[in-house]
Amino acid sequence: MTSCPYFNQGLFIGSLPGGETQISMCCWQQKKTVDVVDFADPYLAKIRDASKSGLPNECSQLCSIPGHVANEREKSSAEWRELFNNSNTDAIKMLHLEQSLTCNLACISCSTTYSSAWNKDYHHFEPNAPRIKLAKFPEEKWKNLDLTQLEKIHFTGGEPLLNADNKKILQQLENLGVLKNVMLSYNTNGTIMPDSETLRLWSQARFVRLFISLDGVGSVFEYTRYPANWQQVNRNIQQLREYNSACILIEADAIVGVHNIFDLPNFFDWWEQNCRTGSQGDPSSVFVREINGWSYGGRALNLKYLSDRHTDLALDMLYLLEKYPGVTDIIQTITNLREPSNDWINYLNKLDTLRKTNWQESLPEQLRI
């Protein structure tokens, strides 16, 4: 039997570009579009029933591979044993909210699947891609749920710290008297410093974990996560690390493609020097993973397109960085998947035309032609 704490205690509420709502038990599972969010929805009940005899078909098959980096079942089970109140209940204990795709960045690996900032230009790359329509009242998705046994809530977007509704649910949890039991986590781009009320609510929670998507430092960060400002983001991170009224844990993440692979030494060095601990001295973490093809940029910047020269340079560099999480997987990818191409150059040149930027000045010098 393959068990997972999400089957009876997890709920994912997501958004589609057209404003529709989707549900599942976790973000890796196949999702159902619904008009009303119901934890007892027949779709979820069917998956729960199937889970009694094995891994349901709606689950990611990566969750059947022991030790896989994307085996969310293993990771959630380990987290459950370590951090959660180990009760056997059929109530919502883990809630994932992806209820607004509002974002202030048009990162070069993203699209109108997750960022409203791409609405202006993404049609230059995928003419038929939908543009994001933003829901006016996203709180209607969760306001009727029973959250009295909640122990974890994870916010994604868009940029979740731009979504005022994410503060409303914390206020609701405080009013219910359960916020003190809840672990909060966010996937954030680091550009938004939480306001005083959000910080106050964080201080009432069990702890807060920030997964900060950086993809590089300095000019590489600014080009990749356009139009963010590196100095401001670094300043925000340091302010959060100094806010010891709440327990804030930090993970710095990088999605690695052709464009930023040669910035990894700078990225890891920045983390070593500036981000080794959270707000109360707890160790921070760092992680890198290869870019994937769900967006136009993700496909164009695929690591398989590295030239032979770039591959040799990258491997020499990466072997010196193998101690960092995710680097070994990237080594395997660029060793085994080889399809040299200039698609990434064409993509960056087109971006420069639209944005009045210059990738050859902003990205690592090893890439210059």
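Tutor: Let us begin with accessibility: buried means under 20% relative accessible area, exposed means over 50%, and partly exposed covers what lies in between, using a 1.4 Å probe and protein chains only. This is a predicted model, in which local features need pLDDT of at least 70 and side-chain atom pairs count only at pLDDT 80 or more, while totals for chains, interfaces and linings use all residues. Residues are numbered from 1 along each chain as its sequence is written, and side-chain values use heavy atoms, with hydrogens and water left out.

Student: Why is E58 called buried?

Tutor: E58 has a relative accessible area of 11%, and because the limit for buried is under 20%, E58 is placed in that class.

Student: What makes the contact between K46 and E58 a salt bridge?

Tutor: A salt bridge is a side-chain nitrogen of Lys or Arg within 4 Å of a carboxyl oxygen of Asp or Glu. The closest N and O atoms of K46 and E58 are 3.7 Å apart, and the pair is therefore a salt bridge. The pair links distant parts of the chain, with K46 in helix 2 (residues 42-50) and E58 in the loop between helix 2 and helix 3 (72-83), twelve residues apart; helices here are DSSP runs of H or I with at least four residues, strands are runs of E with at least two, and both are numbered from the N terminus. K46 itself counts as exposed, at 53% relative accessibility.

Student: What makes R209 and E79 a salt bridge, and which parts does the pair tie together?

Tutor: Their closest N and O atoms are 3.9 Å apart, so the pair qualifies as a salt bridge. R209 lies in strand 7 (residues 207-213) and E79 in helix 3, so the pair ties together parts that are 130 residues apart in sequence. R209 is partly exposed because its relative accessible area is 24%, whereas E79, with 14%, is buried. E79 and R209 also belong to a network of salt bridges together with K152, and the structure holds 18 salt bridges.

Student: How do you know that C4 is in no disulfide?

Tutor: A disulfide is a pair of cysteine sulfur atoms within 2.5 Å. The structure holds zero disulfides; for C4, the nearest cysteine sulfur, that of C26, is 6.3 Å away, and C4 is therefore in no disulfide. C4 counts as buried at 13% relative accessibility. In C107, the sulfur is 6.1 Å from the closest cysteine sulfur, in C103, which is too far for a bond, and C107 is buried with a relative accessible area of 7%.

Student: Why are helix 4 and helix 5 called oblique to each other?

Tutor: The axes of helix 4 (residues 165-176) and helix 5 (residues 196-204) come within 10 Å and cross at roughly 40°. Angles under 35 degrees count as roughly parallel, over 145 as roughly antiparallel, 65 to 115 as roughly perpendicular and the rest as oblique, so helix 4 and helix 5 are oblique to each other.

Student: Which residues of helix 4 and helix 5 meet?

Tutor: With contact taken as heavy atoms within 4.5 Å, K167, L170, Q171 and E174 in helix 4 meet E197, T198, R200, L201, W202 and Q204 in helix 5.

Definitions and conventions:
Axes are lines fitted to C-alpha atoms, for helices over the stretch in contact, and angles run from 0 to 180 degrees between N-to-C directions.
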